Amino acid sequence: MTSSGVNFVVNGFRPRLSSISPSSGSYSEAQEVTILGVNLLELISVRLASPIPVFLEGVDVIGADRLEGTVPAGTPPGVYPVTVETTR
């Protein structure tokens with residue numbers, strides 16, 4: 001007989017995001033943002049994924065749990081999922 005209902009999670013090095021602040025900005029002005037999460041070291045890129053992919057500029061890794069960067073002015077209006085790519 002087998003039983004189920006309890007999970008064991010093995011944490012890897014995959015980055016996970018928990019917040020972006022501020023969460024909105026103006027089309028006509030660049031917006032500095034802070035992104036919080038885990039496993040954010042060894043950063044390759046940060047982008048707003050759609051409707052049109054936009055890469056954040058001047059991204060600094062503050063630590064394994066914090067990034068700062070700038071959403072460029074002229075980013076088309078829309079709701080964008082935030083995507084972080086690392087070497088891990």
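A: Let's start at one pair: Gly 63 stands opposite Arg 66 in β6. Strands here are DSSP runs (E, at least two residues), numbered from the N terminus. This is a predicted model, in which local features need pLDDT of at least 70, side-chain atom pairs count only at pLDDT 80 or more, and totals for chains, interfaces and linings use all residues. Residues are numbered from 1 along each chain as its sequence is written, and side-chain values use heavy atoms, with hydrogens and water left out.

Now follow the chain around the turn. A hairpin of 2 residues links β5 to β6. These two strands run antiparallel and are joined by 4 bridges, with β6 covering residues 66–71. Two strands count as paired if DSSP finds at least two bridges between them.

On to the other neighbour of β6. β2 and β6 are also antiparallel, paired over 6 bridges, and Gln 31 stands opposite Val 71 in β6. Put together, the open sheet has 4 strands in the order β1-β2-β6-β5, with antiparallel pairing. Its edge strands, β1 (16–21) and β5 (57–63), each pair on one side only. In general, strands of a sheet pair through backbone hydrogen bonds, either parallel or antiparallel.

Next, look at the side chains. The largest nonpolar core has 11 residues, among them Val 33, Ile 35, Leu 67, Val 71 and Val 84. Such a core is a set of buried Ala, Val, Leu, Ile, Met, Phe, Trp, Tyr and Cys residues joined through side-chain atoms within 4.5 Å. Two or more residues come from each of β2 (31–38), β3 (43–48) and β6.

Leaving out residues up to four places away in sequence, Leu 67 touches Val 33, Thr 34, Ile 35, Leu 40, Leu 43, Val 46, Asp 60, Val 61 and Val 84. Touching means contact between heavy atoms within 4.5 Å.

Finally, visit Ser 45, which sits in strand β3. Ser 45 counts as buried because its relative accessible area is 13%, and buried means under 20% (1.4 Å probe, protein chains only). Beyond residues up to four places away in sequence, Ser 45 touches Phe 55, Thr 83, Val 84 and Glu 85.

Note on methods
Buried < 20%, exposed > 50% of the residue type's maximum accessible area, 1.4 Å probe, protein only.
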